[in-house]
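Here are a few friendly notes to read alongside the model. Please have the structure open as you go through the points.

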Number of protein chains: 2
Amino acid sequence: MAIPENTQEIAEILALATEENFPVVPRGAGTATTGAPLAHEGGLVLSLLRLNRILEINTEDLVAVVEPGVFNGAFKKEVEARGLFYPPDPASYEFSTLGGNIATCAGGPKGLKYGVTKDYVLGLEVVLAGGEVIFCGRRTMKGVVGYDLVHLFTGSEGTLGIITKIILKLLPRPKASATLAAYFRSVEEAAEGFLELINEGLLPAAAELLDEVTLAAVSGLLEQELPPEARALVLFEFDGGPGQVKEDLSLAEGALSKLALKVESAREGAAKERLWQARRQISPALKKLYPAKVADDVVLPRRLVPRFLREAKELAEARKITVACFGHLGDGNIHVNLLFDPKETAREEVESLRREILEKVLSASGTISGEHGIGLTKKGYLPQELAPPLLELQKALKKVFDPQGILNPGKIFP
Amino acid sequence: MAIPENTQEIAEILALATEENFPVVPRGAGTATTGAPLAHEGGLVLSLLRLNRILEINTEDLVAVVEPGVFNGAFKKEVEARGLFYPPDPASYEFSTLGGNIATCAGGPKGLKYGVTKDYVLGLEVVLAGGEVIFCGRRTMKGVVGYDLVHLFTGSEGTLGIITKIILKLLPRPKASATLAAYFRSVEEAAEGFLELINEGLLPAAAELLDEVTLAAVSGLLEQELPPEARALVLFEFDGGPGQVKEDLSLAEGALSKLALKVESAREGAAKERLWQARRQISPALKKLYPAKVADDVVLPRRLVPRFLREAKELAEARKITVACFGHLGDGNIHVNLLFDPKETAREEVESLRREILEKVLSASGTISGEHGIGLTKKGYLPQELAPPLLELQKALKKVFDPQGILNPGKIFP
């Protein structure tokens with residue numbers, strides 16, 4: 001593993017890699033769920049963790065300049081101390097890097113109102129495969145000079161170049177926020193509850209779903225008695241000025257009153273933090289309870305989410321596999337977790353179920369990854385979503401950036 | 001000119017153009033300010049105006065599917081009738097097409113809070129140079145499967161492919177809005193006034209600047225007496241729930257009270273519409289008063305806007321040319337208009353001034369185009385903003401999409 005200190009060293013490494021024709025696998029904190037930062041075919045792992053400086057946070061321009069190894073959580077804290085706000089909030093935010101977030105175009109609960117990582121990247125310094133350094137994008141809020149390479153690099157999982165500097169857009173920090181916890185009889189009713197809010201003209205900052213299995217796994221962290229019939233929980237977040245938050249809460253409570261078993265709001269720190277802590281602890285909690293887990297990260301058009309949740313459960317039941325669905329209900333981005341004991345359930349059985357579920361997603365105009373990326377674990381499914389001419393075009397673009405195929409080879413493309 | 005009716009006909013035209021090697025210049029309503037839709041080197045102009053159907057507006061998915069020849073204004077009206085909102089609002093919105101808006105990544109006043117066209121494009125059907133039809137992107141709110149080609153096509157001015165179908169993201173329509181008109185002694189104080197709002201944590205939906213020359217040109221449309229010392233006007237727009245708008249207005253009035261000569265709010269339809277009508281009529285009003293106009297569309301980091309406005313005026317005065325600066329103060333996107341009489345001022349003098357102004361922009365980490373694009377009129381300045389390796393990379397990408405160079409040749413690249 002190489003742990004370079006600056007752009008220049010990375011440029012030298014890539015020039016050498018091109019000359020000697022060895023693969024380079026860039027790596028942030030290694031929290032990707034898809035194997036993207038693994039050197040599974042050998043080659044040099046290039047850690048970005050020493051490029052870890054926040055170079056500038058400008059409160060008037062609402063812009064920050066950072067190196068890729070800065071942790072999202074540490075950056076958020078610095079930004080918030082200045083009255084500003086960097087919305088992207090993957091569950092890993094305390095221990096994932098901004099460079100890694102950009103490489104995967106990480107999302108998070110607040111994506112619903114605030115968009116995902118790509119919506120905050122204004123400019124990038126990138127070392128290309130041959131060792132040349134380019135700067136693309138800009139420091140300004142807008143710009144249309146030349147093709148948009150910033151978005152091409154964002155989400156490209158280190159296969160087009162290595163990001164060495166990042167210009168991010170910031171927002172003023174919302175002055176108030178509140179969380180609404182709503183319990184439902186079923187995930188279908190929970191999803192319908194969210195649609196009631198949309199019909200009311202409300203777009204919460206977040207709307208996070210926990211299904212029955214998930215709820216059971218984290219119920220200890222919620223520190224409250226659940227309604228006995230509760231089989232699903234949705235955490236809604238509202239933010240803005242105090243007047244806006246009050247308005248939104250009251251509208252939301254009205255809109256949810258028909259479907260929800262219980263609606264409870266938390267405006268102050270500790271109660272809110274307890275709810276969100278439970279949300280962030282879902283993955284570790286499930287891992288504790290079930291010996292093995294295969295996780296997908298699908299997105300559906302909003303109105304088809306209730307049907308999909310029902311179908312996924314039926315498909316899983318038919319194969320006697322437990323499924324836990326949770327995640328970003330608001331933008332239709334559902335984390336589907338197949339939970340099993342490898343001693344009792346054959347891996348092929350799990351893969352068959354996975355294939356059935358992904359087919360349901362694609363036939364509903366959905367996508368097989370909303371925010372985790374493709375890496376190694378999903379590349380086999382890529383041709384089911386991307387038609388041959390599109391796949392060929394993407395491979396041709398990869399070739400322009402990386403003619404020798406030394407940048408994170410074997411990822412994304414099957 | 002060809003005026004095809006559907007994707008299939010466009011695919012056939014492009015297959016023929018590839019075979020016979022003739023240029024194809026796609027064209028929406030032809031409102032571009034940069035000459036992008038002109039067949040200046042000959043070839044076939046391909047009008048998209050007959051692909052003009054709104055195929056779907058889905059109120060639960062918050063998604064619309066449209067053809068490229070739909071007019072932005074007509075679309076907005078349909079969307080708003082369903083309680084939804086499509087924010088991108090170039091001044092041309094009543095007479096420019098959604099396809100053209102995407103080809104140039106059009107902005108508009110509401111870009112400040114809501115972003116620009118690219119922030120609303122989820123998926124695109126595109127006919128490639130050889131006549132193949134691809135669909136890239138998705139119908140869902142999120143997705144990270146493969147490289148982001150949607151953003152690569154957006155703003156590419158018809159040089160990479162021809163857009164034939166568009167999936168757009170919509171928002172719930174804000175329930176309330178209000179306009180605040182603030183008059184200042186100078187453009188510098190106006191720009192400082194905006195920074196006061198940012199420091200207060202306020203991000204208005206829009207903050208539109210009119211400098212002295214601009215104000216004089218449209219003052220008849222404002223139908224009100226201006227403070228005698230007024231040399232600049234900023235129109236601020238706030239939207240959200242009624243409580244939020246009330247809160248924001250009161251905070252803004254407080255923050256502006258030190259710098260502004262007069263602050264006036266308009267919440268109801270006619271008074272608001274009068275102010276915004278004046279804003280949209282700036283370009284025609286200036287054209288009426290001055291025989292010739294050269295317009296740029298620069299963006300600066302927010303904190304450098306006041307200094308730039310002063311410098312631009314000084315540079316223009318030194319050459320005895322009138323300059324009118326107006327536009328999207330909030331995101332630093334200023335329209336710099338050089339006004340002159342060709343009988344009195346040599347064109348070279350105007351071009352020299354233009355070069356000086358663009359150099360100021362670039363030396364302040366700005367960009368030479370925020371939302372109009374490059375087309376023909378700015379391509380000579382491209383190498384001043386984009387370094388040689390980046391320019392070469394962009395040309396290599398163009399070659400992947402269009403090896404024969406038949407798609408809108410001679411645009412963007414010098």
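1. Let us start with a residue in chain A and its neighbours. Leaving aside residues up to four places away in sequence, V63(A) touches E56(A), I57(A), N58(A), L122(A), R139(A), M141(A), I167(A), L168(A) and L170(A). Please keep in mind that this is a predicted model.

2. Where does V63(A) lie? The residue belongs to strand β4 of chain A, which covers residues 63-66. With a relative accessible area of 0%, V63(A) is buried, because buried means under 20%.

3. One of the contacts of V63(A) is I167(A). These two residues are 104 residues apart along the chain, yet 6.9 Å separates their C-alpha atoms.

4. Now look at L62(A), in the loop between β3 (54-58) and β4 of chain A. Its phi is positive, about 55 degrees, although L62(A) is not a glycine. Is L62(A) buried or exposed? At a relative accessible area of 1%, L62(A) is buried.

5. N21(A) is also worth a look for its backbone. Its phi is near 60 degrees, a positive value in a residue other than glycine. You will find N21(A) in the loop of chain A that runs between α1 (7-20) and β1 (24-27). N21(A) has 47% relative accessibility, so it counts as partly exposed.

6. Over in chain B, there is a helix pair to inspect. Helix α7 (residues 212-222) of chain B packs with helix α10 (residues 282-289) of chain B at an angle of about 90 degrees, and their axes are 9 Å apart. Angles of 65 to 115 degrees count as roughly perpendicular, so α7(B) is roughly perpendicular to α10(B).

7. Which residues meet where α7(B) packs with α10(B)? From α7(B) come V213(B), T214(B), A217(B) and V218(B), and from α10(B) come I282(B), A285(B), L286(B) and L289(B). Sorted by type, the residues of this contact between α7(B) and α10(B) are seven nonpolar, one polar and no charged.

8. Finally, a word on how the two chains are related. The same surface serves both copies, and 100% of the contact residues of chain B recur in chain A.

How values were computed. Residues are numbered from 1 along each chain as its sequence is written. Chains are lettered from A and ligands numbered from 1 in the order in which they are written. This is a predicted model: local features need pLDDT of at least 70, side-chain atom pairs count only at pLDDT 80 or more; totals for chains, interfaces and linings use all residues. Side-chain values use heavy atoms; hydrogens and water are left out. Axes are lines fitted to C-alpha atoms, for helices over the stretch in contact, and angles run from 0 to 180 degrees between N-to-C directions. Helices (H or I, at least four residues) and strands (E, at least two) are DSSP runs, numbered from the N terminus. Angles under 35 degrees count as roughly parallel, over 145 as roughly antiparallel, 65 to 115 as roughly perpendicular and the rest as oblique. Contact means heavy atoms within 4.5 Å. Ala, Val, Leu, Ile, Met, Phe, Trp, Tyr, Cys and Pro count as nonpolar, Asp, Glu, Lys and Arg as charged, and the others, Gly among them, as polar. Buried means under 20% relative accessible area, exposed over 50%, partly exposed in between (1.4 Å probe, protein chains only).
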